[in-house]
Amino acid sequence: MNGLSTVLIVVGLFLVGGIYSFVKQGMPKNLVVLLSVGAAMCLVAGVMRLEVWN
């Protein structure tokens with residue numbers, strides 16, 4: 001596991017926490033969807049960069 005994949009996974013998990021918080025606060029759905037897309041992209045990029053696939 002290299003540094004960039006770790007950072008991407010941590011940022012993705014941070015954004016997932018933001019999604020949970022925004023839903024509880026009743027924020028607009030389009031903002032939650034935008035945050036969800038960003039979190040999913042970070043998590044997928046972090047997992048794909050893991051060195052366990054080689």
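Let's start with Ser5, which touches Gly46, Arg49 and Leu50 once you skip residues up to four places away in sequence (touching, or contact, means heavy atoms within 4.5 Å). Keep in mind that this is a predicted model, where local features need pLDDT of at least 70, side-chain atom pairs count only at pLDDT 80 or more, and totals for chains, interfaces and linings use all residues. Residues are numbered from 1 along each chain as its sequence is written, and side-chain values use heavy atoms, with hydrogens and water left out.

**Helix α1**

- Helix α1 covers residues 3–25, so it has 23 residues (helices are DSSP runs of H or I with at least four residues, numbered from the N terminus).
- From its first C-alpha to its last, α1 reaches 33 Å, close to the 33 Å expected at 1.5 Å a residue (the expected span is 1.5 Å times one less than the number of residues).
- The buried residues of α1 are Ser5, Ile9, Gly12, Leu15, Gly18 and Ile19 (buried means under 20% relative accessible area, exposed over 50%, and partly exposed in between, using a 1.4 Å probe and protein chains only).
- What covers those buried residues? Part of the answer is α2, residues 29–48.
- As background, an α-helix has 3.6 residues a turn, so residues three or four places apart point the same way.

**Ser5 and Gly46**

- Ser5 sits in helix α1, and it counts as buried because its relative accessibility is 0%.
- Gly46 belongs to helix α2, and its relative accessibility is 0%, so Gly46 counts as buried too.
- Leaving aside neighbours within four places in sequence, Gly46 is in contact with Ser5, Leu8 and Ile9.
- Gly46 and Gly12 are 34 residues apart along the chain, yet their C-alpha atoms are separated by 8.4 Å.

**The nonpolar core**

- Which residues make up the largest nonpolar core? There are six in all: Leu15, Ile19, Val32, Leu35, Ala39 and Cys42.
- The elements giving two or more residues to this core are α1 and α2, and α2 gives the most, with four residues.
- A nonpolar core, by the way, is a set of buried Ala, Val, Leu, Ile, Met, Phe, Trp, Tyr and Cys residues joined through side-chain atoms within 4.5 Å.
- Leu35 touches Leu15, Gly18, Ile19 and Phe22, if you don't count residues up to four places away in sequence.
- Ile19 is in helix α1, and it is buried because its relative accessible area is 17%.
- Not counting residues up to four places away in sequence, Ile19 touches Val32, Leu35, Ser36 and Ala39.
- Take Ile19 and Ser36: they are 17 residues apart in sequence and 6.7 Å apart in space, C-alpha to C-alpha.

**Partly exposed residues and a surface patch**

- Val16 is in contact with Ala39 and Leu43, leaving aside its neighbours within four places in sequence.
- Val16 and Gly38 are 22 residues apart in sequence and 9.3 Å apart in space, C-alpha to C-alpha.
- Leu4 is also found in helix α1, and with a relative accessible area of 44% it is partly exposed.
- Leu4, Val7 and Val11 form a nonpolar patch on the surface, with about 230 Å² of accessible area together.
- Nonpolar patches join side chains of Val, Leu, Ile, Met, Phe, Trp and Tyr within 5 Å, from residues with over 30% relative accessible area and no salt bridge (a side-chain nitrogen of Lys or Arg within 4 Å of a carboxyl oxygen of Asp or Glu).
- Accessible areas come from the Shrake-Rupley method with a 1.4 Å probe, and for residues only the protein chains shown count as cover.

How values were computed: Patch = residues over 30% accessible without salt bridge, like charges linked within 9 Å, V, L, I, M, F, W, Y side chains within 5 Å.
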